[in-house]
Amino acid sequence: MPPADDFRTLVEARGRAAPAAPFLCAPESGRVLAYGELARTADALAADLDRRGIGEAERVAFMLPNGIAAATLFVGTMAAGRVVVPVNLVAQDAHLDHTLAHSEPRIVYASPEHADRVRDALARIGRTIPLEIVDPDGLDLPPSSTPSSADRDPGRPAMLMYTSGTTGLPKGVLLSHANMLHAGSTVAAHHRLRAADRVLSSLPLYHINGQCITTVGSLAAGGSIVMPRRFSVSRWWADVERWRPTWLNLVPTIVAYLLNAPDPTPGEREAIAAIRFARSASAPLPPDQQRAFESRFGVPIVEAMGLTECASVAFCNPMAPHERRIGSPGKPLAIEARVVDRAGNVLGEGERGEILLR
């Protein structure tokens, strides 16, 4: 399928080309969301937002754990021509208040366990915004008889994502359809993902890695995702045995937990043998842990580095094992990069400075 540069076009194309193919598997419920259902739900969401008077380019926020509802709202909101605002489930009250006040969403979707936090935050900031409580296992929307008519301009805003706020209040990063789909298609091409590929990822949909690498990367490739609501060390290899992923999306904390866990069972070992690679990002992976993981489980790890402003794509190691450099985030991936001093002068090899990306 030729590459698409807006979410509406991509979701429609996937729904037509392989309507029964799985897009997302929810381990807790065993439910599988197919591409055809994803496309229909995106149309239903667009129609529902139209009925509510929420126009194109307006913000739609959600505070949901991983699952079918969160993934459908994430992709479907952008396909419907609105700007999605994923809300951090573990945000401090001040950060939650700032996110909702700054983004000015027209509606907030929340799971039952997070609804009270949203209500309290809206009361603190003095905003009257509709709150829709949804089941994490899926959206209950009336079907639409007409496809979405959302604008297909790739330069239009798709997501307003707030950074972690480690040096103050979270910063809003506005990413376009073209930004995010460039990142997803880059990941799919670099990791040689195909429709038969399936990723196991518990990385949250309120983080750029879980958004662009796990979800948009799989959507760009036409592949599927196994998306637990949260990471469970006791269930990880059992989910590998049940759902048979071909790659893993990890962070160093998960690597450490798996190294400290009991050995996989023989059945789990057999399933692990079919995994082509694991990807680790979001923090530096200690070289000794990478070597230990690869030795113990036989799965090569490709380390990468990204950031919200780059739609999670910045650096990545090559796929060929002999070209990787353990302890390094890799080479520039679909971006330009240079290292400069305080005056902006480009530095030579081995010199320490600031990284600039474009």
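1. Let's start with Glu12, which sits in helix H1 (residues 7-17). Keep in mind that this is a predicted model. Glu12 has a relative accessible area of 19%, and the cut-off for buried is under 20%, so Glu12 counts as buried. Beyond residues up to four places away in sequence, Glu12 touches Ser148 and Arg152. With Arg152 there is also a side-chain polar contact of 3.1 Å.

2. Glu12 and Val90 are 78 residues apart along the chain, and their C-alpha atoms are separated by 33 Å. Val90 brings us to the largest pocket, where Asn88, Val90, Pro204, Tyr206 and His207 lie nearest the centre.

3. That largest pocket holds about 890 Å³ of space and is lined by 42 residues. The lining splits into 22 nonpolar, 16 polar and four charged residues. Elements that each supply at least two of the lining residues include helix H4 (93-103), strand E7 (157-162) and helix H7 (208-221).

4. For the second largest pocket, the volume is about 460 Å³. Its lining has 18 residues, with Arg325, Val339, Glu349, Gly350 and Glu351 closest to the centre. By class, five are nonpolar, six polar and seven charged.

5. Now the packing. The largest nonpolar core has 63 residues, and Phe23, Phe74, Tyr109, Met159, Met180 and Leu219 have the most contacts inside it. Helix H3 (residues 68-79) gives the largest share, nine residues. Away from its neighbours within four places in sequence, Phe23 is in contact with residues including Leu33, Leu38, Val75, Leu219 and Ile225. A second, separate core has 24 residues, among them Ala271, Leu285, Phe293 and Val299.

Notes:
Residues numbered from 1 in each chain as written. Predicted model: local features only at pLDDT ≥ 70, side-chain atom pairs only at ≥ 80, totals over all residues. Heavy atoms only, no water. Core = buried A, V, L, I, M, F, W, Y, C linked by side-chain atoms within 4.5 Å. Buried < 20%, exposed > 50% of the residue type's maximum accessible area, 1.4 Å probe, protein only. Helix = DSSP H or I, 4+ residues; strand = E, 2+ residues; numbered from the N terminus. Contact = heavy atoms within 4.5 Å. Polar contact = N/O pair within 3.5 Å; in protein donor to acceptor, adjacent residues only side chain to side chain. 1 Å grid on protein atoms, 1.4 Å probe; cavity = no way out; pocket = protein on both sides within 12 Å on 5 of 7 lines; lining within 4 Å. Points joined across faces, edges and corners; volume = space filled by probe spheres on them. Nonpolar A, V, L, I, M, F, W, Y, C, P; charged D, E, K, R; others polar.
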